Structures are given as C-alpha cells and as structure tokens.
Amino acid sequence: MSNSPEDASKRTWLIASGCAGVVGGALTAVPFVSSFQPSERAKAAGAAVEADISQLKPGEKMTVEWRGKPVWIVRRTPEQLASLKKTDPQVADPKSERTAFPTPDYAKNEYRSIKPEYFVAVGICSHLGCSPTDKFQSGPQPSLPDDWQGGFLCPCHGSTFDLAGRVFKNKPAPDNLEVPPYMFLSDTRLLIGEDKKA
C-alpha cells in the first residue's frame, strides 16, 4: 500500500464522497419514511369526538360523526326506559353477549349505557350497513308490529331494534347496534372514541 500524496488525496476524496452519500441517503430517507405517518386529516378522522348534550331534551336524538360513522345519542324518557323490559323477550341478544360488535362492559346492562337516560350507538345496521330510521312513537305503524314499543327500523331489509339498539328475533341483522367506546367528561359533555381517563 503506497503512502504517496496522490494516494492520500484519493483516500480523502473517497471518504468525503462516502460521507456525502450517507448524509444524502439519510436526508432522502427521512421524507420517505415520514410519508408512512398518517396525515393530520387521517389522525383527526380517528380521533375521539366531544359532544355537547346540554340542549338534548328527553325523547330527542342527536348525531355526531366519529371515524366517518354516524353516532347517535338518544336521551330516553322514563317511558322509553320502561319499554325495554317489555322488549326483553322479543330481542335476539338481550344481554349483548354476541361478539360481532363486542359491547363494552359498562354497557352490558338492560339499558346498554353508562347512564340509563342516555343511549350512545353507531347508527349503522349490523346487516349490510344501512342506517336505521327513528321510530320512537309506540303503537301500530306500517312495517312494524302492533305492539311496537319504539326503537329503530332499518329501511333496507326490515330489521328492527329497540330503544337500547337490541335487534329483534328473526330479523336479517345478526347483531345489536354497536356501542362505541365513550365516557362522560361532565353531565353535559360526552367523549366518543375513548373510554379511559388518561
């Protein structure tokens, strides 16, 4: 191996160009790797959503969007809550034990909710993804049984759900309406998409 000034110059040039290549490669890799990170829009789409329920009156429903899905918040009246005992024997999964849409533990009760008065559910039928319509009025109505207690009717294939989102027996929908993760931030504010305090 020669130690001539010409060889030393070549080695210096090779080391310098090798370092420049490493730095250039790293600078090129950073934007490429960061392109795998979700965009701000994508992060927002999956983020938890706050809902102000202070203006929601008994018997009313409001809808918020979470992860591109409609989420219903229904403030049930005492009469609507009492109707759930009447529908117990008519629904396919009264205790929410099926696992297609696992029900959070805090909603595995007769009301399927944290607070009996407020029902929170994803407003998408478990059959083929249609959005059921409100049928809160009790009594005989077109497409509903004569002893209807109030709930939801899917217009696509006729699945019916009670006011706790439980599907009635012998209907196309295989499962109850999904209860998303949620929690109360206060008496008038809900957080949908999270159910654990940090």
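Author: The questions and answers below concern a predicted model.

Reader: How many cysteine pairs form a disulfide in the whole structure, and which residues form it?

Author: A disulfide is a covalent bond between the sulfur atoms of two cysteines. A search of the whole structure finds one disulfide. Its sulfur atoms lie 1.9 Å apart, and the residues that form it are C130 and C156.

Reader: Which strands stand at the edges of the open sheet of three strands?

Author: The sheet has the order β5-β6-β7 with antiparallel pairing. Each edge strand has a single partner strand, so one side of each is left without a neighbour in the sheet, and the strands in this position are β5 (133-135) and β7 (160-162).

Reader: Which residue of β6 is the bridge partner of K135?

Author: β5 pairs with β6 (residues 151-153) in the antiparallel sense, over three bridges. Within this pairing, the partner of K135 in β6 is G151.

Reader: Which residues of β4 point the opposite way from Y118, V120 and V122?

Author: In a regular strand the side chains alternate between the two faces of the sheet. In β4, which covers residues 118-122, five of the five residues are buried. Y118, V120 and V122 point one way, and the residues that point the other way are F119 and A121.

Reader: Which residue stands opposite V122 of β4?

Author: β4 runs antiparallel to β3, and five bridges join these strands. In this arrangement the residue opposite V122 is V71.

Reader: Which residues touch the most other members of the largest nonpolar core?

Author: In soluble globular proteins, nonpolar side chains tend to be buried together. The largest nonpolar core here has 17 residues, and those that touch the most other members are F152, F161 and L177. The elements that give two or more residues to this core are β3 (69-75), α3 and β4. Another core lies apart from it, with 16 residues that include W66, V120, Y182 and I192.

Reader: R112 and S143 each have a positive phi; which of them is buried and which is exposed?

Author: Most residues other than glycine have a negative phi. R112, in the loop between α3 (78-87) and β4, has a phi of about 55 degrees, while S143, in the loop between β5 and β6, has one of about 70 degrees. By relative accessible area, S143 at 62% is exposed, whereas the residue that counts as buried, at 0%, is R112.

Methods. Residues numbered from 1 in each chain as written. Predicted model: local features only at pLDDT ≥ 70, side-chain atom pairs only at ≥ 80, totals over all residues. Heavy atoms only, no water. Pairing = 2+ DSSP bridges. Helix = DSSP H or I, 4+ residues; strand = E, 2+ residues; numbered from the N terminus. Buried < 20%, exposed > 50% of the residue type's maximum accessible area, 1.4 Å probe, protein only. Core = buried A, V, L, I, M, F, W, Y, C linked by side-chain atoms within 4.5 Å. Disulfide = S-S within 2.5 Å.
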